[in-house]
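Please look through the sequence and the structure below before reading on.

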Amino acid sequence: MTAGLVDLLSRPVSVVAPDLLGWRLSSVAGGRITSIMVTEVEAYGGSDDPASHAYRGPTERNRSMFGTAGTLYVYRSYGIHWCANVVTGPAGDGRAILLRAGNPLEGIPLMTRRRGRADHLVDGPGKLCQAMGITGDHDGTSLLDGPIRLLPPAESAAREVLATPRIGISKSTDRLWRFTLRRF
């Protein structure tokens, strides 16, 4: 599966992003397992995307975004929330997919404790990281064999993918690179 995942993630970021919908994200943090089904993502290009952290090249903060396909890029948003991204494309490109939301699958009581509530557990990028125990310590780790893993869908069900503008950006707002999964 590792080679298949690397092949999947090595394609253009705007093609990979909708294909990640329905995949599972599993976390082993503090010896405890949580997992979700990915239902919302946003694609960010490299030097050709002014909304991307990679637009101006590598920095200490975004260094892992320039890693190999399958690297986890974690950054702090507004100095408060951790956000997790799947690095795509060849090393050096700086392309990644922000994991925006999901449906809880495993470890829901733990997610509830981490979030301090039983609703809205993983319906935002910061909430997703908090519920799954993803922090800056996970930045640069492998999604193939690290503590946070990207796994193929458990089921193949009918689905509809919606493409919309990205959220919370002021540049490249015309790109319909936010993808959500509507199940039916």
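## The largest pocket

On a 1 Å grid over the protein atoms alone, a pocket is an open set of points where a 1.4 Å probe fits, with protein on both sides within 12 Å along at least five of seven lines, and its lining residues have an atom within 4 Å of a point. This is a predicted model, in which local features need pLDDT of at least 70 and side-chain atom pairs count only at pLDDT 80 or more, while totals for chains, interfaces and linings use all residues. Residues are numbered from 1 along each chain as its sequence is written, and side-chain values use heavy atoms, leaving out hydrogens and water.

Lining the largest pocket are 27 residues, and those nearest its centre are His 53, Tyr 75, Ser 77, Tyr 78 and Gly 168.

## Arg 166

Although arginine counts as charged, Arg 166 is buried, with a relative accessible area of 6%, where buried means under 20% (1.4 Å probe, protein chains only). Its side chain makes a polar contact of 2.7 Å with the side chain of Asp 49, and reaches the backbone oxygen of Ala 43 at 2.9 Å; a polar contact is a pair of N or O atoms within 3.5 Å, one able to donate a hydrogen and the other to accept it, and residues adjacent in sequence count only if both atoms are side-chain atoms.

## The nonpolar cores

A nonpolar core joins buried Ala, Val, Leu, Ile, Met, Phe, Trp, Tyr and Cys residues through side-chain atoms within 4.5 Å. The largest has 36 residues, and Leu 9, Leu 25, Leu 128, Ile 134 and Leu 150 have the most contacts inside it. Apart from this core lies another, of 11 residues, including Ala 54 and Met 65.

How values were computed: Buried < 20%, exposed > 50% of the residue type's maximum accessible area, 1.4 Å probe, protein only.
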